[in-house]
Amino acid sequence: MSRASRRRDDERYRQWTGTYRPYDILREATIALGVVLALVIGLTILFSSPDDPPSTIKQWSHTDPVDFVTTATTELDGSSGTGGYGPPYNHNGDGQHIAFVYPAKWLGVSHPIDTARDFVLAPLQSITTQPALRTALSTYQAAPAKTQAAWTTAYEAALGKASATPSGSISVAAGHYGPLPTMMASLLTLAQGGGLDGALLTGRQFYQTDYTKPLLFMADGSVLANRAQAQHLLGTQWGMMNETGSYPGQSWLWLYTFWYQIKPFSTSANADVLVMGVMGVLSLAFILIPFLPGVRDLPRRIPIYKLIWREHYRTQQAVGPPV
Amino acid sequence: MMAAIVNLNQPAHTVHWHFFTMTVSNVVVIVLMLVVFVLAVLVPFPGSGRKGRPR
Amino acid sequence: MAALPPEKLLPDAQPSYMASWIYVFGVLSLVSLVLIIASGSILTLKGPGWWHFTSVGHFFNSIHLWSVELFFFFLVIHLWGKYWMAAWRGGRARVWMTGAVAFIVAVPCALTGYVSQQNFDAQWISTQAKDGLNAAGVGAFFNVTNFGQMYSYHVLLLPLAVVALVAAHILLVRKHGIVPPFELAPRASAAGLETEGRPVAREDHGSGNGARHGSGTESHPVAESGSPRPGRTT
C-alpha cells in the first residue's frame, strides 16, 4: 500500500458510522468473571498445584556426600561454575558477549562472591572448638598458591573414584592432599548438621532474605540438576516451559527456550546473551507490528477476518455498505 | 493437605517430534489454545441475526 | 479525560459487527487478571510461607496458579484475534502497543512469582534464569536468587506495571472504539475498481457525521443530524 492509501485507510477505519446493538458491558464482565471463577475453582479442585519441597545443603550432604565434598573443593580452588563465572559475582571471567558488547562485564560485580572464602574458609573459621581444624586451616592459608592448587587437583581426581560410607562420610584413596581431608571432613559434618545452610545465609545483618550463596553452592553441584532431570526441567528437555510433576508450566516461554535447542545457540558459550538479544529484537518487533511492512499486511492477505466478520459482510450485502 | 482429584505430582510424560520435546500437559494447553481460537472464530455468535434495532 | 465521558467508558451499545466469540477474550483475560490479584492478595495476608503448611493456603495458591494459566491462555487467543483483525487500524497503534507491552511485562511478573515460591521449582528456576539475566547485564540489579527482592517485585512493582498498562490499554480501547471490519467491495459494484478484500476508496467519508443506528427500516442506516447522540458514538 502506498503511504497516501495507508493514510486514507487510517481515516476510513477511525470511526464506525454504521449500526449499533444494545449492549450491557457490566453484564458481560460479570458473566465473564463467573465463567473464569468457575473454571479456576474447577481446575483447583481437580488438580491442585505442585509444591515440591526445596533441597537443602543438609539433605545434599547426607544423600550425596561425595558430590558435596567435590563441589566444595572446586569452590575452594575456584574451578566451580560460580568460581569462574565472572560478573556479577567476581572478576574471574568476562561474562558473555555479543561481538564487542559485554553487558555483564560493563555492569560490573554487583554481588561479590569469593567462593573459597564464602563457601569453605569462612564457615570453617566459625568452628572454634576443633584444634586440628584450626591447624589445617592455617596450613592451607599459609601455603603458596601452587601448593594449594596441587592439593585440590589431586583431591578432586581422587574424589572422582571416592565412595560414601555407611556413616555418611566419604572414603578417598590415600594421596597427597595436604590439609584438605581434615577441612572437608569438618565442612561435611557442619553441612550434615544443618549449620552450613544457615552459615551461607547470614551476612552483614541479622535479617536475611538473599539466598544467592546457598543456591549458587547447590547449583554448582548435582543435587538440583539431578532432581531437575527427573522432572524434565533441564534446558535440553525444553525445561524452561515445564513445571514439576505433570502440571502445565510456562508454555508462553516456548519461543525463548526454542532458540537454545538449535545452532548456533546450542553450541555457543554466549548462548544466553545471544538468545536474550534475539528475544529483545523480536519483542520490539512484536510491539511495533503496526509499523512493520509485510507483517502488518498479513491479516489482509490471509483473510481470517472474513470468518470473524462474516455476519457483518452478509448483512452488508443485503443492505449495502455504510454511506 | 487437601488432595487433588487427579494427582499430577508424578513425572511428566513427554512428546517427542524431531527435536521438539514437550510435556503432555504443555502440548494439551497449546493444542487447546489453537482449538479454542478456531472455535471462537467459527462458532456462530448468538443473536447475530439481529440487525441493530434497539431492544 | 474529556475524550472519555461516562457514555464512552461504560457504553450501552456496541457496533453490530461485533458478532463473534473472538471478542470475549479481552474481557476473559481481564477477569483472569482480577482473580490473579484477588488470590494473590489473599496469599499476601498470611505471608509467603503460609501456603506450604495449610490446606486453605494451598487452595488459594492453586487458585493463583490456575488464574495465571488461564490469563495467558485467554491473552494469547485475544492477541491472535486482534492480529488477524489488524486491530491497529484507524489510529489504534497505541492500543496494540500497550497490549503488547502489557504481555511482555506480564512474563517477568510471572517469573518473579515462580522464583518466590520457596520450593524446589523456585530453586531450579532461579538458578537457571540467573544465567540469562546475568548474561544480559540485568543480573547486576535484578537478582532472581534474592528472595526478598523478587517477592517485592512480584507483589508490588510488576503487578502495578501490568495493571497500569492494562488500564491504559482499556482506556485507549474505549477512546478509539473497537476497530471496524475491513471493507469489502460489493460483489456487483458499479465502481468495480478494487478487487474484493481490499478497501474501497471513499473520498467523502466524513468523521464529523453522527453515529447511525438501526431503527425502523433497515434498508439503509438512518443519518443523524447534529451532534452524535450520547452513548452511541465510539
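## Chains A, B and C: a briefing

Helix α14 (residues 271-287) of chain A packs against α4(C) at an angle of about 150°, and their axes are 8 Å apart. Two packed helices are described by just these things, the angle between their axes and the distance between the axes. The model is predicted.

**Where chain C touches chain A**
- The contact takes 94 residues from chain C and 87 residues from chain A.
- Several elements of chain C each supply at least two residues to its side of the contact, among them β1 (13-15), α2 (25-45), α4 (93-114) and α6 (147-176).
- The largest share of that side, 13 residues, comes from α3(C).
- The side of chain C that touches chain A has 49 nonpolar, 34 polar and eleven charged residues.

**A strand pairing between the chains**
- Strand β1 (residues 20-22) of chain A pairs with β1(C).
- The two strands are antiparallel, and three bridges link them.
- In this pairing, A:P22 stands opposite C:A13 of β1(C).

**The nonpolar core**
- The largest nonpolar core has 122 residues.
- A:M183 and A:L187 have the most contacts inside this core.
- Helix α3 (residues 55-84) of chain C gives the most to the core, with 16 residues.
- Leaving aside residues up to four places away in sequence, A:L187 touches A:A72, A:V120, A:P123 and A:L124.
- In soluble globular proteins, nonpolar side chains tend to be buried together.

**A closer look at α3(C)**
- Of the 30 residues in α3(C), 25 are buried, so the helix is mostly covered, taking buried to mean 20 or more other C-beta atoms within 10 Å.
- At 1.5 Å a residue, α3(C) should span 44 Å.
- C:A86 follows α3(C), and its phi is positive, near 45°.

**Chain B**
- Chain B has one helix and two strands.
- Along the sequence, the pattern of chain B is β-β-α.
- Chain B has 55 residues, and buried residues make up 16% of them.

Note on methods. Residues are numbered from 1 along each chain as its sequence is written. Chains are lettered from A and ligands numbered from 1 in the order in which they are written. This is a predicted model: local features need pLDDT of at least 70, side-chain atom pairs count only at pLDDT 80 or more; totals for chains, interfaces and linings use all residues. A nonpolar core is a set of buried Ala, Val, Leu, Ile, Met, Phe, Trp, Tyr and Cys residues joined through C-beta atoms within 7 Å. A residue is buried if 20 or more other C-beta atoms lie within 10 Å of its own, exposed if 12 or fewer, and partly exposed in between; C-beta atoms are placed from the backbone. Helices (H or I, at least four residues) and strands (E, at least two) are DSSP runs, numbered from the N terminus. Two residues are in contact if their C-beta atoms, placed from the backbone, lie within 7 Å. Ala, Val, Leu, Ile, Met, Phe, Trp, Tyr, Cys and Pro count as nonpolar, Asp, Glu, Lys and Arg as charged, and the others, Gly among them, as polar. Two strands pair if DSSP finds at least two bridges between them. The expected span of a helix is 1.5 Å times one less than its number of residues. Axes are lines fitted to C-alpha atoms, for helices over the stretch in contact, and angles run from 0 to 180 degrees between N-to-C directions.
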